[in-house]
Structure formats: C-alpha cells, structure tokens
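Here is a short briefing to read alongside the model. Have the viewer open, and we will go through it topic by topic.

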Amino acid sequence: MTSPKQATSEEREGSKEKREGVLSSRPHNTASAGHALVIGGGMTGLFAARVLADYFGRVTVIERDELPDSPRPRKDVPQSRHVHVLLLRGVQILRARFPGLEEELLALGAPPISWLKDTAALSGGGWLPRFDSDLNGYSASRYLLEWLARKHLRRRENIHFRPGHRVIGLAANSDNTGVTGAVCIADGRQQTLHANLVVDASGRSSRLPRWLEELGYSAPPESTVNADVAYATCWYNIPDGWQTDWKMVLLATHFPDISGGAVIQPVEGRRWIVTLVGYAGDHPPTDETGFAEFARRLAGPQVWEAVRAAEPLTGISGYRRTENHWRHYERLKQWPQGLIALGDAVCAFNPVYAQGMTVSALSAEILDSVLSKDRTAGLGLAFQKKLAKMLQTPWQLATSDDFRWAGRNAGDATFLDRFMHRYLEHVLDRIHKPDVCLTFFNVAHLISPPATLFRPGIALPILWKMMWGALRIR
Ligand SMILES: Cc1cc2nc3c(=O)[nH]c(=O)nc-3n(C[C@H](O)[C@H](O)[C@H](O)COP(=O)(O)OP(=O)(O)OC[C@H]3O[C@@H](n4cnc5c(N)ncnc54)[C@H](O)[C@@H]3O)c2cc1C
C-alpha cells in the first residue's frame, strides 16, 4: 500500500476543495466554516454528519460502498439483513435530530411497538409480564432506517456523500501532529481529501490503529469479550390472517443451559425478520432444514410456529463477527489534532443487545456537546475520553452475560465489573416482576442509568442473596 504520507497527488476533487478554500493549513476547528470528513456512511457516519453540519461549512461522508437510492441492503453492511432493533434512547435522538423521519417510517409501514405489551419475551426468569408502559417505539429494517436518514441529510446543502471512495490512510501536516485529511481510492485512482476534522466512523473493521501507527502514534489497547455468538436470518411474509397476541418475539439465552435464542422482528411491508442466535459455538445453521430444526428446539414455541406458517422471502444469511470489542483510544498518551473516532470503529458490541445504533446516536450527541462548548480543546483525545465514559454502561450491559459464556475468552474484568455482572444476573432472575421488568427495560433501552437497578426495592433482596451466597461459599 502506498504510505499516506507519500500520497501527495491532488486529484480533481482535492484540487476543487483547495480552490474552495478547504485547506489543510487552515487552523483546526475554526468557526462555522471549515470542512469535516466522515469516513463511513453507516448509522454512525450519518448521526455524526448530522451534528457536524451545524458546525462546519461543509461535511463530506466518504463511503467505500455504493449508496442505493432505495431502501435495500448494501454489500459493505452485511449486518443490515439481520434483525436491527432501535432502542428507545435511539428513537428519542432520531426524533430530535431528524424531525419527520419517524412519521415517514410509519407511513412506509414500519409497525409501532409498545415494548412491554407487544413483545412475547422469555428470559432466564421466565416469560416477561405484558403491560402498557411509555416504552413505545417502532420497528423498521436497518436499511430503511439508513436510507431515510441519508435522504434527510441529502436535503442539507452542506452535506455531501462520496460513495465508491475507500479510505486507505490519513494525511497529516509535516510533523504529524495534526491530521489534515484522508487518502482514498476511487475508480482505481488515489486522491487526498483535505479537511479540518476527520471522523472515523468506518465500523468494526476500522483501520485507524494502523493509520495511527503509520503516523508514528501507538495503536490503542483493546478489550475483547467473545461469547462466540452467531446469527442466522431469514425474512418472511407475515401470513394473511395471522393472529397472535404478540408483534415481536424475543427468546433470550440463559447461561449455561440455553445457548439458543431468537428474535422475530416485524418490519415494513408486513414482513418478519427472523433471526436465530446461538452462543458458545451452538451456531444456528444456514440451511433450511437445520434452520427449522434450530427454531423447533428453542425454549418458546412462537418462532417455530411462525417459521412453519410463513412464506420465506430470502435465503438464510449467517453472521459470526459478534464479539464485544473496544479500542481504548482514550488511554493513548498522544493523539493527532483534527481526528476523532466513534461508533463501531471504537466499540462494537455483541449485537444481541441491540445497542450499536443507539450508541452511535449517543456518540454524536457527545460530539455536539463538545462542539457547542470549546471546539478547539474539546476534540481529539478529550473527545475520546468523554466517549469512553459514555461507553461504560453499554459495555457493562453487553458483557455482563457474555463474560460467563466467553469463559477463557473473557479477558480481564475488574472487581467492579464482576460484581455488576453477578448483580445483573440476579436482576434477570427477577425480571418476571413488573417493577423489575420496567426498570430493567428502561436501563436496557439506555433511557435510565444502571444506578436505577439499585433502588432499594430491587437491590435489597439481591444484595441479601449475594451476601448469603458468599458466606455459604466460605
Ligand atoms: C448481525 C448484527 C446485528 C445487529 N443488530 C443491531 C440491532 O438490533 N440494533 C442496533 O442498534 N445495532 C445492531 N447492530 C450494530 C449496528 O449494525 C452498528 O453498531 C451500527 O450500525 C453502527 O455501526 P457503524 O456505522 O459504526 O458501522 P457500520 O454500520 O459497519 O458502517 C461502517 C461504514 O463504513 C464504511 N467503511 C468502512 N471502511 C471504510 C473505508 N476504509 N473507506 C470508506 N468507507 C468505509 C462501510 O462500508 C460502512 O458503510 C448489529 C450488528 C450486527 C453485526
């Protein structure tokens, strides 16, 4: 690969940007002019672009994939074929940042969901109680959501998309203290796009650690908790006249005996996305017979019944890259100016917890709060530290159960982590109680902080049990 530092060729676009005054010599983060470059047009890139457009004269989203002008899966986002639930905190942010988008989703047939009433959910503690609550959202396919968000952003004059551009490195100033752009390949030709701020939103397979090393910085330490989870997904037409008391089904796994789970997600076009999930190597097959057999032996009957009754619309897609993986940029001592990273590029979760898109939205909110205060001091490492603070909660929620499944792949957990993991197990054992269920759902949807799970009514019996358990072990 050509080293980014040698990549000096200013192709047409780069020169055009120079003519427009988007120069790498421009001081970083000046006023509401300047150019921000977002690497990756996934949900993180879209949320980030939305925020950046309020602060930068021009925002360019560089995407290696083609960006379809209709809602359909993209080659470089293979996960979009699988169940994608937007947690309620994500719904709130989307509502605020993309006014009108929710109405468009609903008009296009995305079903509204009252989470606790419409979902048949089985967890280790039994079937969850069903009741009305204010936990109301909707259910849409990932690619409908992404397409609509992109459509909204295209209406803004200062946001531009560059599909078919693959970033291969960063451009920097002469002493590598500041990032001044990105080097990319489009139509087989290399070019440098200059910017005042470069945002890595290129997802789980981000090459940022390598790009930093090429500029003389360290790669970040990483944490991984790998519960060896795999997905298998098929889409179905909801049968005409189908009658049930649920719209959505969640069959959770339970350590150590129930390693298979599933989700039925209703989406636009009267379709179901049925995703089977298997932990610790108990992977759902991607052939028709194996898929049906896996569905048949799940802990609840709904998925098997639905799969038998419905007409499949797609083949079965598998997915295995599901480990919890955190690149700790916040722990680095040195970091170039003019660069930040967020989304899966920093921290990707086991998707079972449905946190990714909402964490992307929350990350963009942090970006907004930093930019609205002190644009010069707040970016760079300071941003990565703020982001890491927010990531602690979703990381804890995602890894608490996964630690047990992961066994030797669990990595290092602090005493506090282990305490929280044990505590959450006890909460899940009591989730059949309506107050515990409601509190847990608010936390799981990233609406309330985990501290709410320590209300005396929930915490006292759990702490009592944990204490007795510990004394008995002695
Ligand atoms: C199987 C599965 C199921 C999931 N289910 C859920 C769910 O239910 N709810 C939820 O909230 N989240 C879910 N997620 C997570 C969710 O998909 C992501 O966390 C979320 O979309 C944010 O991802 P991202 O934008 O950071 O990365 P991605 O969605 O991976 O997007 C990264 C983008 O960057 C582009 N890119 C990468 N490298 C380059 C480059 N060098 N140059 C230019 N472009 C580049 C890619 O083509 C891609 O478009 C799931 C994930 C998986 C794998």
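How far apart do the C-alpha centres of domain 2 and domain 3 lie? They lie 26 Å apart, with the domain bounds coming from an automatic or database domain assignment.

A word on the ground rules. This is a predicted model, in which local features need pLDDT of at least 70 and side-chain atom pairs count only at pLDDT 80 or more, while totals for chains, interfaces and linings use all residues. Residues are numbered from 1 along each chain as its sequence is written, and side-chain values use heavy atoms, with hydrogens and water left out.

**Domains**

- The assignment gives domain 1 as 4-71 + 147-224 + 323-393, domain 2 as 109-140 + 228-319, and domain 3 as 414-473.
- Eleven residues of domain 2 are in contact with eleven residues of domain 3, where contact means heavy atoms within 4.5 Å.

**The α10 and α12 pair**

- Helix α10 covers residues 356-373 and helix α12 residues 381-406; their axes come within 10 Å and cross at roughly 145 degrees. Axes here are lines fitted to C-alpha atoms, for helices over the stretch in contact, and angles run from 0 to 180 degrees between N-to-C directions.
- On the α10 side, the contact is made by Val359, Leu362, Ser363, Ile366, Leu367 and Val370, and on the α12 side by Phe383, Lys386, Leu387, Met390, Leu391 and Pro394.
- These contact residues divide into ten nonpolar, one polar and one charged. Ala, Val, Leu, Ile, Met, Phe, Trp, Tyr, Cys and Pro count as nonpolar, Asp, Glu, Lys and Arg as charged, and the others, Gly among them, as polar.
- Helices (H or I, at least four residues) and strands (E, at least two) are DSSP runs, numbered from the N terminus.

**Helix α3**

- In α3 (residues 88-97), the buried residues are Leu88, Gly90, Val91, Ile93, Leu94 and Arg97. Buried means under 20% relative accessible area, exposed over 50%, and partly exposed in between (1.4 Å probe, protein chains only).
- The cover over the buried residues of α3 includes α2 (43-52), α4 (101-107), α5 (115-118), β6 (136-138), α6 (142-154) and α10.
- Ala96 is also found in α3, but Ala96 is exposed, with a relative accessible area of 58%.

- Asp118 is found in helix α5 and is buried at 13% relative accessible area.
- Beyond neighbours within four places in sequence, Asp118 is in contact with Pro112, Ile113, Arg130, Trp246, Lys247 and Met248.
- Pro284 sits in the loop between β16 (271-278) and α8 (288-296), and counts as buried at 5% relative accessibility.
- Not counting residues up to four places away in sequence, Pro284 touches Ala230, Tyr231, Ala232, Leu276, Val277, Gly278 and Phe294.
- Pro284 and Phe294 are ten residues apart along the chain, and their C-alpha atoms are separated by 6.2 Å.

**Helix α14 and the cysteines**

- Val436, Cys437, Thr439, Phe440, Phe441, Asn442 and Val443 are the buried residues of α14 (residues 434-444).
- Just after α14, Leu446 takes a positive phi of about 60 degrees.
- The structure holds zero disulfides, a disulfide being a pair of cysteine sulfur atoms within 2.5 Å.
- Cys184 is buried at 0% relative accessible area, and Cys234 counts as buried at 3% relative accessibility.
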